[in-house]
Amino acid sequence: MRLRTIVMAGLLALPLAAVAAEDPSVALLNQRLMALQADMQTADAASFEKLQALQAIATLSKAKRKELDHARYVAERRVAIAESAARTAVAAREVDQLERTRSDLLIEASRREVAKARQEAERLRMQSQIQAEEAERLRLAAEAETLARQDAETALTSVAGRQQQRLSAAQQNAAKLAREEAELVSGHKLPASRFNNRGEVFTFAGDAFAAGQAVLSAGAGNQAKALAEYLNIGKKGRVTIEAYDSATGVGQRRAQALKDALVAAGVGAARVQIAGKKAASTRARSAEVIIAP
């Protein structure tokens, strides 16, 4: 709540008319940030990201001409990150609310089922001589109720699936922004990456190490700095490094060298596991960094 108060105070304190005269993008970015704060759904979400965006806008408003383009880019990225983080938080809340609603519906259905069973037992006790046609009617009614409950379950599952897809899309967008921020802050490009069942996999290409050596090349070292920044921004999963070489033992030393580079750039050592593997010449001198989902 205190951080949210600071953000709101900052938004109200920033003079839109004064800064807009210098750079119209300042007013536009500030309006986007204030729109997040004015929206009841996003007002209490992503407070830290909003504060970072507010600080970036303030820096832009004071930037000198030679710093203006960089300051504007940083401010735009910070506002975009705040918007994405807020949307992600809202989507997560919607999923949680849907799960609670689903649980409430199941509990209520169970209570109704119990109450109906008791009533039915009492009715059967009192009408032990009921005709066979009445028994058949009750059987059909029970089947219809089961089908109706199954339909309700299917509908709830479908809605939950759509909400999960929205949340996943928002998270992937946040990851994209985090990659851009990591490259911006570190000043270097990240290695190529892909997603599979192991998580997000970054590949250091075959020129990452000299033949038979375990020392990172200059280019791979810069990629490691960018990757460390990415891991420190928002990726909190377990990290596994797998390095390869056709000679025994070299892959293990290469994995250790890559881990040392990440740790030196601020990644916690306990978070990183390493493994060296032998590989054919087509994969030798390469390494993969896997971030578990």
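User: What share of the 293 residues of the protein chain counts as buried, and what makes a residue buried?

Analyst: This is a predicted model. A residue is buried if its relative accessible area is under 20%. In the protein chain, 34% of the 293 residues count as buried. The chain exposes about 17100 Å². Carbon and sulfur atoms supply 56% of that area.

User: How many helices and strands does the protein chain have, and in which pattern?

Analyst: There are eight helices and five strands. Along the sequence they read α-α-α-α-α-α-β-β-α-β-α-β-β.

User: Why is α4 called roughly antiparallel to α5?

Analyst: Set the angle against the cut-off. The axes of α4 (residues 47-62) and α5 (residues 68-126) cross at roughly 160° and come within 8 Å. Angles over 145 degrees count as roughly antiparallel, so α4 is roughly antiparallel to α5. The crossing is left-handed.

User: Which residues make the contact of α4 with α5?

Analyst: From α4 they include Ala53, Ala56, Ile57 and Leu60. From α5 they include Leu68, Val74, Val79 and Ile81. Glu49 and Lys50 of α4 also take part, as do Arg72 and Arg78 of α5.

User: How do the residues of that contact divide into nonpolar, polar and charged?

Analyst: The division is 12 nonpolar, one polar and four charged. Glu, Lys and Arg count as charged, and the contact includes Glu49, Lys50, Arg72 and Arg78. Gln52 of α4 is also in the contact.

User: What part of the contacts in the protein chain with a separation of 6 or more comes from residues 24 or more positions apart?

Analyst: Such residues account for 75% of them.

Notes
Residues are numbered from 1 along each chain as its sequence is written. This is a predicted model: local features need pLDDT of at least 70, side-chain atom pairs count only at pLDDT 80 or more; totals for chains, interfaces and linings use all residues. Side-chain values use heavy atoms; hydrogens and water are left out. Axes are lines fitted to C-alpha atoms, for helices over the stretch in contact, and angles run from 0 to 180 degrees between N-to-C directions. Helices (H or I, at least four residues) and strands (E, at least two) are DSSP runs, numbered from the N terminus. Angles under 35 degrees count as roughly parallel, over 145 as roughly antiparallel, 65 to 115 as roughly perpendicular and the rest as oblique. A crossing is left-handed if the near helix is turned anticlockwise from the far one by less than a right angle, and right-handed if clockwise. Contact means heavy atoms within 4.5 Å. Buried means under 20% relative accessible area, exposed over 50%, partly exposed in between (1.4 Å probe, protein chains only). Accessible areas come from the Shrake-Rupley method with a 1.4 Å probe; for residues, only the protein chains shown count as cover.
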